[in-house]
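This report goes from the overall fold to single residues. Please keep the sequence and the model at hand.

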Amino acid sequence: MNGGEMESAQAKNQALKDAGAVVPISYEAFEGVIKETFQKLVEESKITPIKEVTPPQIPEDLSTAIKSGKVRVPTHIISTISDERGVEQRYAGVPMSILVEQGYGVGDVVSLLWFKRTLLRYCSRFIEICIMMCADHGPCASGAHNSIVTARAGKDLISCLVSGLLTIGPRFGGAIDDAARYFKDAYDRGLPPSEFVEGMKIKGIRVPGIGHRVKRGDNRDKRVELLQRYARENFPSVEYMEYAVQVETYTLSKANNLILNIDGVIGSLFLDLLDGTGMFTKQEIDEIVEIGYLNGLFVLARSIGLIGHTFDQKRMKQSLYRHPWEDVLYTK
């Protein structure tokens with residue numbers, strides 16, 4: 001019956017004991033009774049103890065471990081040119097406030113982010129002149145043409161820019177690095193210009209930085225003349241550029257369009273810039289030329305013009321471009 005003596009906890013415990021169960025006198029004694037019972041069963045060889053296994057240590061939370069200095073998480077990216085942490089952004093260690101307050105220009109920013117140092121003023125000015133000279137060369141150049149066609153197809157700015165940039169290569173704007181490499185190698189080895197040119201001819205290689213589709217010996221590229229004049233007036237030495245001019249003199253004796261072009265003059269003058277400042281080791285100069293810094297200058301500059309052509313077409317709301325049939329030679 002409910003509430004009767006047989007329903008009490010004491011009565012139930014006693015019933016368990018009478019049935020042969022081991023019953024502790026209280027909940028607190030439960031652990032001790034289990035231990036005593038286990039040891040008794042072991043002594044009677046009724047059970048065999050299993051070796052205790054030390055549980056693995058639970059790993060510490062990563063954020064806590066980092067704060068305590070116990071671990072260091074490996075980085076996924078290494079950057080040496082800029083740092084956005086702290087109060088203000090820094091380019092190669094130079095704070096933004098210094099760039100603005102001391103009148104740094106685009107050429108100085110390029111020198112910090114590309115060369116990790118502040119170049120002399122005539123050097124950064126030369127970079128800025130190169131950017132101005134190479135920003136655009138009219139709508140008929142392959143890069144501008146691509147951007148114009150893409151813009152008229154209704155594509156976005158990035159697509160138009162990329163379509164133009166993808167034409168840059170050995171035949172269009174991408175010969176600055178090669179011009180620097182070949183001029184440097186030939187000059188450093190003391191090759192006479194004629195021997196250099198004829199050697200390239202034997203190898204079946206066009207001399208990078210020489211030749212133009214429009215300009216001629218009697219109609220020079222004004223951009224080349226302006227850069228040469230600036231360098232002669234401001235650079236401590238223009239030996240690589242003068243070597244390129246000697247090469248041009250020889251190639252003009254072969255054909256009137258084999259002039260020193262914008263790629264050739266920038267490539268040779270950049271060698272003079274790097275060598276003349278005394279701020280770069282020979283190994284650093286070789287690495288700069290090998291990596292492709294100089295073509296990067298053309299890419300940076302021409303992006304300005306390609307964006308301009310894109311905006312120009314969109315502003316005029318030009319329709320989809322289709323090339324005229326009369327300008328295509330259809331053959332079987």
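Helices here are DSSP runs of H or I with at least four residues, and they are numbered from the N terminus. Ile 34 lies in one of them, helix H2, which covers residues 30–43. The model is a predicted one.

**Overall shape**

The protein has 15 helices and three strands. Its radius of gyration is 39 Å, while the globule rule gives 20 Å for 332 residues, so the protein is more spread out than a compact globule. Along the principal axes, the C-alpha atoms fill a box of roughly 125 × 55 × 50 Å.

Of the 332 residues, 35% are buried. The accessible surface comes to about 21,600 Å². Carbon and sulfur atoms hold 56% of that surface. Among contacts with a separation of 6 or more, 69% join residues 24 or more positions apart.

Charge comes next. There are 40 positive and 42 negative side chains. The centres of the two sets lie 8 Å apart.

**Cysteines**

How many disulfides does the protein have? The count is zero. A disulfide needs two cysteine sulfur atoms within 2.5 Å. For Cys 130, the closest cysteine sulfur is in Cys 134, at 6.1 Å, so the pair is too far apart for a bond. Cys 160 is also in no disulfide. The nearest cysteine sulfur to Cys 160 belongs to Cys 140, 18 Å away.

Is Cys 130 buried or exposed? Cys 130 is buried, because its relative accessible area is 1% and the cut-off for buried is under 20%. Cys 160 counts as buried too, at 0% relative accessibility.

Gln 10 is 24 residues away from Ile 34 in sequence. In space, the two C-alpha atoms are 20 Å apart.

Ala 92 sits in the loop between strand S2 (90–91) and strand S3 (94–95). Ala 92 is partly exposed, at 27% relative accessible area. Which residues does Ala 92 contact, leaving aside neighbours within four places in sequence? They are Ile 81, Ser 82, Leu 112 and Lys 116. Pro 139 is 47 residues from Ala 92 along the chain, and their C-alpha atoms are separated by 37 Å.

The accessibility values are collected here.

| Residue | Relative accessible area | Class |
|---|---|---|
| Cys 130 | 1% | buried |
| Cys 160 | 0% | buried |
| Ala 92 | 27% | partly exposed |

Terms used:
Residues numbered from 1 in each chain as written. Predicted model: local features only at pLDDT ≥ 70, side-chain atom pairs only at ≥ 80, totals over all residues. Heavy atoms only, no water. Helix = DSSP H or I, 4+ residues; strand = E, 2+ residues; numbered from the N terminus. Rg over C-alpha atoms; globule rule 2.2 N^0.38 Å. Buried < 20%, exposed > 50% of the residue type's maximum accessible area, 1.4 Å probe, protein only. Contact = heavy atoms within 4.5 Å. Areas by Shrake-Rupley, 256 points an atom, 1.4 Å probe, with all protein chains shown as cover. Lys, Arg positive; Asp, Glu negative; His and termini not counted. Charge placed at Lys NZ, Arg CZ, Asp CG, Glu CD.
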